[in-house]
Every structure is written in C-alpha cells, then in structure tokens.
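These are my notebook entries on one protein structure. I recorded what I looked up, entry by entry.

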Amino acid sequence: MLIRRQFLSLSAALLATAAFCAPAFAAGEKPVSGGSLTWGVETEPATLNPHLNGQDKTKLLLRNTYESLLARTAEGGYVPWLATGYTISPDGKTYTFTLREDVSFSDGRKFDAAAVATNFTKLKDAGYSGSVSAGPVSHVTDIKVIDPKTIAFTLDQVYAPFLDFAAGIELLSPAAYDLPQIKAGGPEIAGTGPFILKRYAKGQDIQYVKNPAYDWAPANAGHQGPAYLDAITYRFLPESAVRTGALTSGQVDLIEGISGNDAGLFKDNADYSYQRAQNTGTPYSLFFNVTWGPTQDIKIRQALVAAIDVDAVLKAVYRGERPRSWGITSPIDTQFYDKSIERTYGLDTRRANQLLDEAGWTGRDAQGFRIKDGKRLTVEVVQAQATVRDQRDVLLQALQAQARQNAAVDLAIVYVDAGTYVDRRKTGQFGSIANSNTPTDAIDIENHYLPVTGGGALNYSRAFAPELTQWLKEASSTLDTKKRFEIYAKLQRFAILDQAYALPLYEPEDQVAAAAHVKGVSFRPFKQLPESAYDLWRSE
C-alpha cells in the first residue's frame, strides 16, 4: 500500500534529494579510493551507544557505524536501506518490514529479523534505554519474526509517528547487549555501517577505519560499495576559534560548527568549501518552567517573551548567520510547520513592564532588579555544560543583558555537569532550560509537550495542560497529514502565544568548512545533519 506508492516513485524522490543533499563533485573529477582525513568537531560524545546518545552534534560520528531500516528523502519520504520495503495493515496498527539478506554486522553476525527484534525489545526495557522506553516504542505490543527477512510490529493503537521512529533506529549487533560496554558504547559494539570504530581517546579523538565488506548503502547515497577513505579521524576541538585555526593551518582537513564571525573566512574562498543546512526538530529555545519559581506565573513568562529583542541578539552574536525561529518546530518540515505564527509576537518593552507591574514586582533593589516582598525577580536558566555549543554561552549572556535592561529581570545562568543536569530536570527545580533537539517534528513535539511522566522526555517547561495531551493523542491517532498539521498548528499557538511555555530563539543548523582537497561533503537528507564520512574522498 503506502510503501508501494513511495518506493515506486523512488527515482523522482532521488532526483529531488540529489538537488540538495548529494555530495558535490567538481566537473570531470572522479572519486579516488584510499587515504584518510581528519575532521575537527565541536562535541565529544557522552556515550558511543546511538540508542542512548542525546547529543545531536555527535550523530555524524555514530552514523559511520550504525544504520537504520530506511533512509529519508529531502522531502521527508523514505527509501530502502537495511529494509527493502514496508507495509502498513488496513487498520493502521501493524508495520511489516522486509529486510535485505546480504547484510552483516562488523562482528560477523548476520543481520536479520531476529537482530532487529532484539534491538526493539531492548529499547522497550527501561533498565536499558531509560526514558526512550516511554516514547514511541512504548506503543509496540508485539514483535513478530515472521522469517529471517520479515519482521512485524503491532501497536496498541494507530500511532502515526511510529514509521518515522522505527525507520530511524540505529541497529546494533545482538551480541552487543551481553557486553559490559553496552551503555558506554565503544569498539566492541558492532554495527553494519561503512566504517568500524577502531580507537577512542577520551578528550582527544576518535578513529574509524573502512569496513571492506560494506555494500548496502541506501539508494540515495552518493555511491555504492565500500567507503572511499581508508580511515577518518575526528578530533575534539570544543572552541570555535581553535577549530578554525586548525583548518586554516592545515592541522585538520575539515571542521564543523563555524561561528558567525568565522564564516567569512571560508565563503567564496577557493581554498575551501563552505556549506550550511538547517536542522529539523525543535528550535533552540528558552523553556520556562510552569511548576517552579517565578515562571509559574503566566504574566512573568509573557513578560520575558516581550522583553527580549531576539533579532538584535542574533545579529550581534551570529552576524546574521543564524535564522530567527518562531514556532515549536523547524520550517524544514513543511508538513507540520505553520508559518502563520511568524512575527505575531516579539519585542514590546512597554507590555513586558506592564505585565510585571501587574504581577506585583514593582519594587527595585540596590542593583536595579525588580523585587516583591523583599525578594529579587530571578529566573534561573540551567544549561548543561555538555550541550554548550555554537556560541550559546555568548547568546545566553546577551539574553541576560536584554532581560535586565528592558525589564529589570535577573536571568541567572547556571552551567551544570551531566549528573546535576539530570537531577535538576528530574526534580523540576529550575526556572528555565535552554535547548534544542533534531528528531523530526512529530516525535519531537510529543517529546516536549506530553506530560513529563507520560512520554514528555524533553518537556522542559513541564507543561501539563490537558489540551496538550488531547491534541497530541488526536494527531498521533490519524494518518491524515492535513488533520495532523491543523492540530499541531493549534498546539503551537497555544504553547507559544497563549501560554508562553517557551521563547524560540534560532533554528539550529550545521556548517561544514573543508580544505579544497576534501570532496564529497554533504548533509543527511531531510534532517540535514552533517552526513557520515561514507562519500568523502580526497583529491591531491
């Protein structure tokens, strides 16, 4: 049914995908096999297990080794990868995937339906996957291995985001789950990808070597067969200026995460290529906690939204290199993004101060901040140190200055380690959390707006209005895309305009700059994260 319509039109889909995401090769150049490259990256993985990884910036590393059932097209459709096809039952509750028969994990084990079943069974186990078990996989009531190349998932109800979820799960060798390194990940955790993890030096670099047996790239990859490179090394360089210096001095061959100040060094420069792409998912936003501190008061939340000149801040920090965001999802997903919200709110200092006066914060302390009953109006913004990237520390300082200047509100920025961050989120003791996420929009909306204890793993605002759950249930229980769009649009206006659960700041994007000898740089279709090293090659 659905699969036949999508896969029969594969050639058209591939043409559209190639227009944006296929690797760019200079006219007349033929890819060369062999050699190695070094890539300077901003973020070091907290875990090398893709199931447990919550860092979008490290997905380009893990994608070298771990693959999924289907690949995406630029428009959000699907093409075969480890699965050759899928069908959805007439009642919309059973998804059946047929698998390739020529695929093996790098540990020598056969890729088959039993291996896929093991992965999904483990994901349902909270002891292994944590909050992932409460997400889309929780709807799976039965996993049936029909034969070695066929697997079926039956759901408890119609759940439209399931295909997106199931198609994108990175699959591990079943042997991995018996290893002590399973949660940390590492060379012992085998995948099916074009590269094999060889070495990880914490705080320094990570190296992958070619998988010579690889011959099952998705149909919209830049080529078929093994990777061109013999090896790829990623060096962890968290400072933007250091990455830029490493590339311009020839210490590395390419970098990702280019600051707005440095972009001009590589644009229109014959010695380098420069590419950028917006991501899917949730924009980088300030999420206001509705259950703790001053932001429990809707007037405080609305005042903060009106007090901050987001356009001016982005221009100052990024020099015009990051696009302003307005909604709860990325504009990339045109199926579900309602752009009518754009420019319906923004800087209004008069309204901001009026709201704060109405909320009773009329006094001032010696530093000029608003007070009530002798207590300063302080909103504590908690930021995990591990997710600070893309000059977001500078951005938060600019927001802090705006809140003080325009409304006399103290935005207290607190950087915490991973353990403290998890604890603060669990207890709900924070005023605001700043974050973004790149899963495709339908799943990410649920992550952010279902109840914290009911699937909202990323519900940083801790919103619990019954309307949210009702709308999300209605949207997920229909395969009618138009109806789902209308529901998400309604939820977006409620969350941003009516309740001010969050202040969207900018659309996350990735940038890659490479020396002229690096060829084949591309971005993943649809999600538009930097692609793996599979299509990279070097021209001397």
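**Entry 1: the nonpolar cores.** I noted at the outset that this is a predicted model. I then looked up which residues touch the most other members of the largest nonpolar core, which has 73 residues. They are Phe97 and Tyr234. Helix H4 (residues 113-123) gives this core its largest share, six residues. I also recorded a second, separate core of 69 residues. Phe287, Ala463, Tyr488 and Leu505 are among its members. As background, I wrote down that nonpolar side chains tend to be buried together in soluble globular proteins.

**Entry 2: the surroundings of Tyr234.** I listed the contacts of Tyr234, leaving out residues up to four places away in sequence. Among them are Trp39, Val41, Leu60, Leu61, Ile206, Tyr208 and Ala533. The list also includes Asn64, Gln204 and Asp205. Ile206 has a further link to Tyr234, as its bridge partner in S10. The two strands concerned are S9 (residues 205-210) and S10 (residues 231-236), which run antiparallel and are joined by five bridges.

**Entry 3: the seven-stranded sheet.** I next looked up the order of strands in the open sheet, and found S8-S9-S10-S1-S11-S21-S12 with mixed pairing. Which strands form the edges? They are S8 (195-201) and S12 (272-278), each of which pairs on one side only. On average, neighbouring strands of this sheet are turned by 20° against each other, with direction ignored. Helix H7 (residues 240-248) packs on the sheet and touches S1, S11 (254-256), S12 and S21 (509-515). The direction of H7 makes about 165° with that of S11.

**Entry 4: strand S17 and its partners.** I found that S17 (residues 378-384) is mostly covered, with five of its seven residues buried. S17 runs parallel to S18 (residues 410-416), and seven bridges join them. S17 also runs parallel to S19 (residues 432-437), here with two bridges. I traced Val381 to both partners: it stands opposite Ile413 in S18 and opposite Ser432 in S19. Together, S17, helix H12 (residues 392-407) and S18 make a right-handed β-α-β unit.

**Entry 5: helix H10.** Which residues of H10 (residues 310-318) are buried? I recorded Val310, Val313, Leu314, Val317 and Tyr318. Seen down the axis of H10, these buried residues fall within an arc of 95°, so they line one face of the helix.

Entry 6: Arg319 follows H10 and is found in the loop between H10 and helix H11 (349-358). Its phi is positive, about 55°, although Arg319 is not a glycine. Phe526 is another non-glycine residue with a positive phi, about 70°. Phe526 lies in the loop between S22 (518-519) and S23 (537-538). Is Phe526 buried or exposed? Its relative accessible area is 2%, and buried means under 20%, so Phe526 is buried.

Gln55 counts as buried because its relative accessibility is 9%, under the 20% cut-off. Apart from neighbours within four places in sequence, Gln55 is in contact with Thr43, Glu44, Pro45, Ala46, Thr47 and Ala386.

Definitions and conventions
Residues are numbered from 1 along each chain as its sequence is written. This is a predicted model: local features need pLDDT of at least 70, side-chain atom pairs count only at pLDDT 80 or more; totals for chains, interfaces and linings use all residues. Side-chain values use heavy atoms; hydrogens and water are left out. A nonpolar core is a set of buried Ala, Val, Leu, Ile, Met, Phe, Trp, Tyr and Cys residues joined through side-chain atoms within 4.5 Å. Buried means under 20% relative accessible area, exposed over 50%, partly exposed in between (1.4 Å probe, protein chains only). Helices (H or I, at least four residues) and strands (E, at least two) are DSSP runs, numbered from the N terminus. Contact means heavy atoms within 4.5 Å. Two strands pair if DSSP finds at least two bridges between them. Axes are lines fitted to C-alpha atoms, for helices over the stretch in contact, and angles run from 0 to 180 degrees between N-to-C directions. A crossover is right-handed if, with the strands pointing away from the viewer, the path from the first strand over the helix to the second runs clockwise. The arc is that of the directions from the helix axis to the C-beta atoms.
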